[in-house]
Amino acid sequence: MSLVLIVDDIAAMREQYAYDLARLGGHETLTAAGGRAALDLLADEPIDCVILDLEMPDLDGFQVLAELKRRGLRTPVIVYTGTGSYDRCTRAVKLGAYAFLAKDEPLERVVQEVENAVQWARLRDEVSRLRRDSGKDSPLVGQSRAMQELRTRIDQLAAIPSAVLVVGESGTGKELVARQLHDRGPRARQPLVAVNGAALPESLAESELFGHEKGAFTGADRTRRGAFESADGGTLLIDEVGELPLAAQAKLLRVLETGRVTRVGGSRELRVDVRTVAATNRDLDADVHAGRFREDLLFRLNVHVIRVPALRERLSDVPLLCDHFLAVVADRFGQKPKTLLPETRERLAAHDWHRNNVRELRNVIERLVIASPGDLIGPEAIPVDLGPAPAAAGGQAGGGTLRQQKAQAERAIVLAALERHQWHITGAAADLGLADHSSLLKIMRRHGLKR
Ligand SMILES: Nc1ncnc2c1ncn2[C@@H]1O[C@H](COP(=O)(O)OP(=O)(O)OP(=O)(O)O)[C@@H](O)[C@H]1O
Ligand SMILES: [Mg+2]
């Protein structure tokens, strides 16, 4: 037995439905003569299902649906309309109604719809509960020991307001981790503002982070709040912090120390309450040695460090990640997820994922889905370039530390790819399996490579 609310401005209509639902379906009923009264009842009573007239004088059915959505109420709603307009009904369904009825529908059908709606809502709630309990809703997929430790660390640090540095190779999920730090902490309902140090031209980095006053420089035709101010009360994610120009680094250190920002061209200090999360795939110690990163800023940032493990350190997560990305891709294409044949799965789980970690795996799955016409994905669909690590630049091995030799090899590989593509950046980036041309530009900048 369920509690059904019937909302109609015409008393005879709502009384009729209430009477029949009680008699035929054995339901308890409540009635409301308008949208406002309905919303009040929905806030107080454990209502299982609503039958809602779309045309009413005070708040109409559409407004009630919108308000339910705004309040996050998930009670299933069945709408009906006296105008017989199919368009209005489909519009209501788009707004979140579970189903629609014609006003002259036989009562048995109405009772049946109510039962379906109640049943559906129970299943939906059950699924959400199971998902929550199994932790599947967490966007960070993986059950390996390394991932479990990572989650524990995130929860520890999410609770406190100090700055955190997230480090790890490219594509390991640093940005996801940074977002989890925000979502799982006390600031979750406050803003999360993200800036990317690599995407900011040197001249704009400071104004982006700290804002500027009108007239601070040519083109500053009005005062602008910076990322720190926008993130007040919440979290500021500074991605690729290692790419920030030195002047911006100095200013960032000041803000972290004092909790106050001064806009570019301004003199007033503004208090901000911001938790800073910085991320980088660079070796900041090496950057400090090379004079590219301020040591005092690094000391300030690396009090709390989260290291995100490379995918090859947790290959046992590959199958789960494959299923996750198969589902994501299928969802995007509106298809049923395809299945990897066991051999395909084994080959992916054995690969050493040296280039772009989880991002590379995601790209490979997308390509596999597109390349496989049927529902099953065989190993022959695996791209050939997913071979072992390129053994390029081996000739010059012999001198220098591991880091220096790796840098030399990287430079040689990038150079060769650029030459193969006549310095066409997008083509070379794709060839190298990089996510996009900006990733390649970053590497080129690091090696001072220009045409
Ligand atoms: N554990 C994970 N579960 C699900 N998806 C993941 C996981 N880790 C990474 N991803 C996905 O892989 C892609 C790369 O992740 P992300 O952008 O967070 O990496 P990153 O470490 O910030 O890379 P970069 O250093 O290049 O900025 C994203 O699409 C992300 O959603
Ligand atoms: Mg990132």
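This is a predicted model: local features need pLDDT of at least 70, side-chain atom pairs count only at pLDDT 80 or more; totals for chains, interfaces and linings use all residues.
Residues are numbered from 1 along each chain as its sequence is written, and chains are lettered from A and ligands numbered from 1 in the order in which they are written.

**Exercise 1.** Determine how helix H2 is oriented against helix H3, and which residues form the contact.

*Solution.* 
Step 1. Helices (H or I, at least four residues) and strands (E, at least two) are DSSP runs, numbered from the N terminus. H2 covers residues 35–44 and H3 covers residues 61–71.
Step 2. Axes are lines fitted to C-alpha atoms, for helices over the stretch in contact, and angles run from 0 to 180 degrees between N-to-C directions. The angle between H2 and H3 is about 30°, and their axes are 10 Å apart.
Step 3. H2 is therefore roughly parallel to H3, since angles under 35 degrees count as roughly parallel, over 145 as roughly antiparallel, 65 to 115 as roughly perpendicular and the rest as oblique.
Step 4. Contact (heavy atoms within 4.5 Å) involves Gly35, Leu39, Leu42 and Ala43 of H2, together with Val64, Glu67, Leu68 and Arg71 of H3.
Step 5. Ala, Val, Leu, Ile, Met, Phe, Trp, Tyr, Cys and Pro count as nonpolar, Asp, Glu, Lys and Arg as charged, and the others, Gly among them, as polar. The contact of H2 with H3 thus has five nonpolar, one polar and two charged residues.

**Exercise 2.** Carry out the analysis for H6 and H7, including the hand of the crossing.

*Solution.* 
Step 1. Helix H6 (residues 145–158) packs against helix H7 (residues 174–183) at about 45°, with the axes 8 Å apart.
Step 2. This angle makes H6 oblique to H7.
Step 3. A crossing is left-handed if the near helix is turned anticlockwise from the far one by less than a right angle, and right-handed if clockwise. H6 and H7 cross in the right-handed sense.
Step 4. Leu150, Ile154, Leu157 and Ala158 of H6 meet Val177, Gln180 and Leu181 of H7.
Step 5. By class, these are six nonpolar, one polar and no charged residues.

**Exercise 3.** Check the span of helix H15 and state which of its residues are buried.

*Solution.* 
Step 1. The expected span of a helix is 1.5 Å times one less than its number of residues. H15 (residues 357–371) has 15 residues, so it should span 21 Å.
Step 2. The end C-alpha atoms of H15 are 21 Å apart, which agrees.
Step 3. Buried means under 20% relative accessible area, exposed over 50%, and partly exposed in between (1.4 Å probe, protein chains only). The buried residues of H15 are Asn357, Val358, Glu360, Leu361, Val364, Ile365, Leu368 and Val369.
Step 4. Their cover includes helix H13 (318–333), strand S13 (339–340), helix H14 (342–350) and strand S14 (376–377).

Conventions:
Side-chain values use heavy atoms; hydrogens and water are left out.
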